Amino acid sequence: FKTDFSIDDKSQLAIRFNQQNFTGTNNENGGPLSAEEHSGNSLVNTTTLTAALTTSFSAKFFNELRFQYSRDREPGEANTANVEAVITTPDGGFNIGRNNFSPRETTITRVQVIDNQTYILGQHTLKYGVDLLSDRVFNFFPGLFSGSYSFSSYANFAANTPVSYRQSFAGAGTTGGTTQPNSFETAFFFQDDWRVNQKVTLNLGIRYDYQAIAKPQIQNPNAALLAAGFDTSFQPKDKNNLAPRFGIGYAIDEKT
């Protein structure tokens with residue numbers, strides 16, 4: 001759905017809405033050695049709403065305000081609650097029961113606001129603006145939380161004698177299979193398109209970007225990792241992303 005409004009002689013508003021729903025039947029797992037119950041439907045539900053307001057305050061001063069809201073939800077379903085069983089066969093491992101990472105989900109909710117202004121001052125066209133983007137992420141991936149049996153043959157499976165059993169549990173002080181790797185991005189820019197004369201135009205600008213990433217909640221206490229300098233709770237803070245811009249345009253003649 002898309003619509004445009006002329007609010008008045010100086011302001012125009014454009015709004016767009018999009019909804020997309022997709023179902024991948026039994027896309028969670030497949031293959032000739034996987035039973036249908038070892039899979040599940042992969043779902044994708046994406047909602048997007050955007051708006052842009054353009055305002056002309058005068059013949060030399062303009063403003064563009066843009067907004068975005070979007071939500072992308074992608075759960076993976078499980079066809080059964082039965083515990084996974086992997087049976088060794090001459091052709092490989094035959095999988096039945098619940099897939100060991102199902103059900104699962106990744107959902108990202110995004111809000112973005114951009115505001116740009118343009119001011120014409122003689123031979124200079126000044127442009128400056130800000131871009132703010134927030135991502136809120138819900139990630140659920142419970143690997144092996146429902147358990148998995150291994151059988152060395154069909155005979156052992158029929159006799160109910162597994163060779164091993166694996167199951168994962170949430171560690172102390174952790175959030176288990178749930179994580180929230182959120183981020184917030186900020187950007188500022190300024191640019192001057194300077195028409196030096198009828199033949200030469202200079203483009204001079206600078207931009208700054210910073211992305212604040214959520215700090216991991218848990219540090220892996222493995223001594224070998226720590227001794228090698230790997231801190232799994234490290235939070236990068238790269239604050240020196242200053243990008244200059246320079247361009248030049250030269251009109252050789254009226255056509256070139």
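These questions and answers explain how features of a predicted model get their names.

Residues are numbered from 1 along each chain as its sequence is written, and side-chain values use heavy atoms, with hydrogens and water left out. Because the model is predicted, local features need pLDDT of at least 70 and side-chain atom pairs count only at pLDDT 80 or more, while totals for chains, interfaces and linings use all residues.

Q: What makes β1 and β2 a pair of strands?
A: Strands are DSSP runs of E with at least two residues, helices are runs of H or I with at least four, and both are numbered from the N terminus. Two strands pair if DSSP finds at least two bridges between them. Strand β1 (residues 2-6) and strand β2 (residues 11-24) share 5 bridges, in the antiparallel sense. So they meet the rule for a pair.

Q: Why is Leu132 called partly exposed?
A: Buried means under 20% relative accessible area, exposed means over 50%, and partly exposed is in between (1.4 Å probe, protein chains only). Leu132 has 32%, so it is partly exposed. Leu132 lies in strand β8 (residues 124-140).

Q: What makes the surface group with Leu132 a nonpolar patch?
A: Patch residues have over 30% relative accessible area and no salt bridge; nonpolar side chains (Val, Leu, Ile, Met, Phe, Trp, Tyr) are joined within 5 Å, like charges within 9 Å. Areas come from the Shrake-Rupley method with a 1.4 Å probe, and for residues only the protein chains shown count as cover. Leu132 has 32%, so it passes the area cut-off. The patch also includes Phe1, Phe17, Tyr69 and Val113. Its residues together have about 810 Å² of accessible area. The largest share, 3 residues, comes from β4. Both β4 (61-76) and β7 (104-121) supply at least two residues each.

Q: Why is the pair of Phe101 and Phe141 called stacked?
A: Rings of Phe, Tyr and Trp (its six-membered ring) pair if their centres lie within 6.5 Å; planes under 30 degrees apart count as stacked, over 60 as edge-to-face and the rest as tilted. By this rule there are 7 aromatic pairs. The centres of Phe101 and Phe141 are 5.5 Å apart and their planes are at 10 degrees, so this pair is stacked. Phe101 lies in the loop between β6 (92-96) and β7, and Phe141 in the loop between β8 and β9 (148-151), so the pair ties together parts 40 residues apart in sequence. Phe101 is partly exposed at 21%. Phe141 is partly exposed too, at 45%.

Q: What makes the pair of Phe151 and Phe157 edge-to-face?
A: The rings are 5.1 Å apart, centre to centre, with 85 degrees between the planes. That angle is over 60, so the pair is edge-to-face. Phe151 is buried at 4%. Phe157 is partly exposed at 34%. Ring pairs also link Tyr149, Phe151, Phe157 and Tyr165 into a cluster.

Q: How do you know that Arg110 and Asp135 form a salt bridge?
A: A salt bridge is a side-chain nitrogen of Lys or Arg within 4 Å of a carboxyl oxygen of Asp or Glu. The closest N and O atoms here are 2.7 Å apart, so the pair qualifies. Arg110 is in strand β7 and Asp135 in strand β8, 25 residues apart. Arg110 is partly exposed at 28%. Asp135 is buried at 9%.

Q: Why does the pair of Lys127 and Asp193 count as a salt bridge?
A: Their closest N and O atoms are 3.9 Å apart, which is within 4 Å, so the pair counts. Lys127 is in strand β8 and Asp193 in strand β12 (residues 183-195), 66 residues apart. The whole structure has 7 salt bridges.
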